[in-house]
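Thank you all for coming. I would like to walk you through one structure this morning, and I will define the terms as I go along.

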Amino acid sequence: MTRGLVCAGVMLLGALTLSATRPAGPVVLASAVDADLAPPARLADTGLYVDGRIGDIDPRVRPFSPQYPLWSDGMTKRRWISLPAGATIDASDEHAWVFPVGTRLWKEFSLDSRRIETRFLWRATASRWVSASYVWNEDGTDAALAPAEGIPGFVEVAPGRRHSIPGRSDCAACHGPADRAQVLGFNALQLSTDRDPAAIHGEPLRPGMLTLRTLEEQRLLVPSRPERVTAPPRVRTNDPVTRTMLGYLSANCGVCHNGNSEIAGFAASLAYRDVVTDGDAVVRSLVGQQTRWQIPGVPEGRSVLLQPGAPEQSAIYVRMKSRSPSSQMAPLGSVLRDEEAVAALARWIDVTRGRTH
Amino acid sequence: MTRNLLTTSALALAFAALPGTVGWKIMHAVPAAASTAAAVVDQARIERGAYLVRTMGCNDCHTPWKMGARGPEPDVTRALTGHPADMVMPPPPKLPEGPWVWLGGATNTAFAGPWGVSFSANLTPDPDTGLGKWTQETFITALRTGRHEGKGRPILPPMPWPMYGQATDEDLGAIFAYLQSLAPVKNRVPAPVDPVESQR
């Protein structure tokens with residue numbers, strides 16, 4: 001009987017968490033976090049600002065802007081990186097940069113000019129990345145460490161839709177486990193100076209922003225490769241619309257759907273290494289590729305990732321359009337449909353029939 | 001709703017009575033180990049995993065239940081295979097306003113509530129419909145994050161991942177080793193159904 005009571009209690013717990021956009025729970029990703037490696041209690045103590053006071057950004061901290069931004073419910077974002085003095089990025093594998101111990105990254109989210117949260121990723125030791133989010137107060141004068149489990153439904157981003165502050169487990173869902181987290185949005189394609197003018201939600205490069213060119217010129221990438229400046233990477237295809245869509249899909253989907261992950265049932269890869277190598281081959285790998293996810297209205301076992309000419313019969317489109325918790329893609333970090341991207345994807349699928357060679 | 005309450009109580013009683021019975025031993029038969037030191041270690045992990053699966057209630061939901069002579073009992077022929085693919089569930093009845101918020105199917109493998117409709121997963125190592133393509137890391141990460149495959153959709157109620165996620169890596173690894181030692185069973189569990197109000 002006790003077991004039955006426990007089970008009922010668990011169910012009740014599950015039901016009570018439903019109003020949130022993510023499950024809550026006392027999750028600890030690292031088995032034993034050294035107290036010295038815990039994130040500081042206040043954003044001001046992470047090294048982002050001059051003299052440890054909210055205000056001017058420390059000049060040693062460099063802003064950057066990925067050419068294909070991740071969709072975050074339309075919020076405005078600012079990003080910075082800090083490398084330890086004299087340290088360089090190991091770019092032996094151009095598609096898998098290794099960042100030096102001490103690297104810190106920040107991403108600030110604002111809604112209607114009000115700062116909401118700033119996320120922090122810090123390579124504290126060779127085997128430990130620390131991730132955290134800092135929540136801004138109402139008047140934007142201070143930001144404090146969010147609880148490890150995050151804050152569900154922190155702010156309304158549209159009527160009835162609320163943005164959640166991610167928990168540490170959510171950080172790990174995209175960035176990977178603490179012993180080998182990966183930096184996202186800071187790679188050769190995202191920082192390429194051959195920027196896609198049609199990139200969805202693309203942001204202008206501002207003075208002082210790091211690019212692949214500046215990284216190369218400042219010898220921050222080892223080994224040096226002059227072609228980073230002379231022939232910067234781009235999505236490899238002759239079709240500009242395909243270039244834009246693959247850039248978007250790579251940034252928003254390729255983190256998980258990268259050919260190396262253990263996600264069952266997704267054979268194609270949207271990793272940026274693949275789209276810069278042969279974008280058209282990536283498209284061909286999506287077309288007609290079966291997926292275990294069942295598209296509503298499509299016969300059992302017949303669902304495919306991309307059906308040229310038929311967005312509603314393409315799982316990529318249907319799931320990107322959805323914001324139902326069990327169907328939506330990406331599965332976390334967003335509660336609003338990216339209308340611009342969904343419309344662009346539909347147009348692209350509509351005419352992809354003629355592009356699949 | 002009364003039938004649901006009765007079913008839940010009966011399930012609980014059946015669970016309490018099961019350990020030590022023939023049916024329980026069949027459900028948790030541990031494959032024989034090879035005679036190497038490594039195999040002995042593996043066998044010890046598998047046995048530890050079997051013990052944890054037995055005592056942590058995995059069969060409560062992941063093994064379909066059936067009505068036996070003494071009431072509801074686990075169908076040992078379908079141990080840990082999740083919601084039967086051939087058992088197509090009709091839309092759940094709408095509950096009236098009040099404190100009752102969820103429903104369970106007769107097999108205790110399908111559940112409906114404010115989260116929509118969820119189905120218990122096939123935990124056998126079938127590569128297409130079970131955990132055959134999962135790694136131990138995927139398994140542990142899923143239980144720690146509450147996300148399918150560690151990074152996908154939320155794992156839905158009534159799966160008590162917030163509790164299981166607090167188990168040690170060793171224990172979760174042992175559970176995974178045991179599950180991987182089972183015979184793979186092809187059983188494609190339906191995808192969860194989102195609540196109507198979120199399908200927009």
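Let me begin with what is meant by contact, which is heavy atoms within 4.5 Å. Please keep in mind that this is a predicted model, in which local features need pLDDT of at least 70 and side-chain atom pairs count only at pLDDT 80 or more, whereas totals for chains, interfaces and linings use all residues. Residues are numbered from 1 along each chain as its sequence is written, chains are lettered from A and ligands numbered from 1 in the order in which they are written, and side-chain values use heavy atoms, with hydrogens and water left out.

In α5(B), the residues B:Q136, B:F139, B:I140, B:L143 and B:R144 meet B:D169, B:L172, B:G173, B:I175, B:F176 and B:L179 of α7(B). These contact residues divide into seven nonpolar, two polar and two charged, where Ala, Val, Leu, Ile, Met, Phe, Trp, Tyr, Cys and Pro count as nonpolar, Asp, Glu, Lys and Arg as charged, and the others, Gly among them, as polar.

How are the two helices arranged? Helix α5 (residues 136-145) of chain B and helix α7 (residues 169-181) of chain B pack at an angle of about 120°, with their axes 9 Å apart; axes are lines fitted to C-alpha atoms, for helices over the stretch in contact, and angles run from 0 to 180 degrees between N-to-C directions. The two helices are therefore oblique to each other, given that angles under 35 degrees count as roughly parallel, over 145 as roughly antiparallel, 65 to 115 as roughly perpendicular and the rest as oblique.

Staying with chain B, strand β1 (residues 65-68) and strand β2 (residues 71-74) run antiparallel and are joined by four bridges, and two strands pair if DSSP finds at least two bridges between them. β1(B) and β2(B) form a hairpin with two residues between them, and B:G68 has B:G71 in β2(B) as its bridge partner.

Turning to chain A, we find an open sheet of six strands with antiparallel pairing, in the order β1-β2-β4-β5-β6-β7. At its edges stand β1 (62-64) and β7 (143-145) of chain A, each with a single partner strand, so one side of each is left without a neighbour in the sheet. Between β1(A) and strand β2 (residues 76-82) of chain A, which run antiparallel, there are three bridges, and A:P63 stands opposite A:W80 in β2(A).
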